[in-house]
Amino acid sequence: VIIAEADRLGNLVNRMLTPNAEPEMVAVNIHQILDRIYALVTVELPDRVTLMTDYDPSIPDIMGDPELLIQGILNVVRNAQQALVEAGGYGQIVLRTRVRRNMTIGHQRHRLVAQLDIIDDGPGVPEQLREQIFYPLITGRAEGSGLGLPIAQSLINQQGGVINFTSSPGHTVFSIFLTLEGET
């Protein structure tokens with residue numbers, strides 16, 4: 001896992017530093033991406049934080065760049081993990097997939113969209129950060145860089161997707177919407 005992650009991150013940095021680098025879009029199984037993230041995150045989780053999955057097995061492949069998807073989703077999951085740790089070190093994160101029908105992403109209507117929800121039962125996003133949470137250098141943590149969510153948003157946008165969130169104390173949901181292969 002460590003060697004594969006070092007290679008993936010090295011390649012990701014090289015691609016991010018290359019001007020005008022286009023995502024390498026291929027057909028991707030979103031659950032394989034999530035299983036990889038699950039494996040990465042579970043080794044870092046405190047004992048009292050659980051990571052669960054709730055997959056819709058009917059979701060077909062999406063068009064995406066696997067490395068960029070892993071990093072974008074991983075940033076959101078780690079954000080949830082850090083919120084739980086700072087709130088006392090216990091709680092639950094759920095990775096849930098569903099199909100959404102008739103949704104507009106950007107200015108284009110899509111018949112079917114894959115919806116990935118990262119759900120946690122932490123303290124929620126502070127009210128004063130909600131409007132700016134995807135801006136660079138905005139953070140609610142003393143050690144936070146304020147780059148995780150803006151990078152995640154950029155990487156998901158490069159795939160033709162979008163990230164939204166809803167939050168209240170005890171229930172925060174970051175939803176990532178990605179178009180399904182060949183669906184418009």
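Predicted model: local features only at pLDDT ≥ 70, side-chain atom pairs only at ≥ 80, totals over all residues.

Me: In which sense do β6 and strand β7 pair, and over how many bridges?

Reply: β6 and strand β7 (residues 171-179) are antiparallel, paired over seven bridges. Strands here are DSSP runs of E with at least two residues, helices are runs of H or I with at least four, and both are numbered from the N terminus. Two strands count as paired if DSSP finds at least two bridges between them.

Me: OK. What is the strand order in the sheet?

Reply: The sheet is open, has five strands with mixed pairing, and runs β2-β4-β5-β7-β6.

Me: Which strands are at the edges?

Reply: β2 (49-54) and β6 (162-168) are the edge strands; each has a single partner, so one side of each has no neighbour in the sheet. From one strand to the next, the twist averages 25°, with axes being lines fitted to C-alpha atoms (for helices over the stretch in contact) and angles running from 0 to 180 degrees between N-to-C directions.

Me: And how do β4 and β5 pair?

Reply: Strand β4 (residues 91-105) pairs with β5 in the antiparallel sense, over twelve bridges. Thr104 stands opposite Arg109 of β5. The two strands form a hairpin with two residues between them, and Gly106 in that turn has a positive phi of about 70°.

Me: Which residue other than glycine has a positive phi?

Reply: Asn102 has one, with phi near 50°. Asn102 lies in strand β4 and is partly exposed, at a relative accessible area of 47%. On that scale, buried is under 20% relative accessible area, exposed is over 50%, and partly exposed is in between (1.4 Å probe, protein chains only).

Me: Back to β5. How many of its residues are buried?

Reply: Ten of the 13 residues in strand β5 (residues 108-120) are buried. β5 is also joined to β7 by eight bridges, and those two run antiparallel. Leu116 has Ile176 as its bridge partner in β7.

Me: Change of topic. How many salt bridges are there?

Reply: The count is three, where a salt bridge is a side-chain nitrogen of Lys or Arg within 4 Å of a carboxyl oxygen of Asp or Glu.

Me: Which residue does Asp117 meet in a salt bridge?

Reply: Asp117 meets Arg96, at 2.7 Å from N to O. Asp117 sits in strand β5 and Arg96 in strand β4, 21 residues apart. Asp117 is buried at 2% relative accessibility, whereas Arg96 is partly exposed at 26%.

Me: What about Asp54?

Reply: Asp54 forms a salt bridge with Arg98, with the closest N and O atoms 2.8 Å apart. That pair links strand β2, which holds Asp54, to strand β4, which holds Arg98, across 44 residues.

Me: And what does Arg78 pair with?

Reply: Arg78 pairs with Glu44, at 2.9 Å from N to O. Arg78 is in helix α3 (residues 66-86), and Glu44 is in the loop between α2 (30-42) and β2.

Me: Is Thr97 buried or exposed?

Reply: Thr97 is buried, with a relative accessible area of 1%. Its place is in strand β4.

Me: Which side chain does the Thr97 side chain make a polar contact with?

Reply: That of His31, at 2.8 Å. A polar contact is a pair of N or O atoms within 3.5 Å; within protein, one must be able to donate a hydrogen and the other to accept it, and residues adjacent in sequence count only if both atoms are side-chain atoms.

Me: Last one. Which residues touch the most other members in the largest nonpolar core?

Reply: Ile37, Ile73, Ile118, Phe174 and Ile176, out of 39 residues. Such a core is a set of buried Ala, Val, Leu, Ile, Met, Phe, Trp, Tyr and Cys residues joined through side-chain atoms within 4.5 Å. α3 gives the largest share, eight residues.

Methods:
Residues numbered from 1 in each chain as written. Heavy atoms only, no water.
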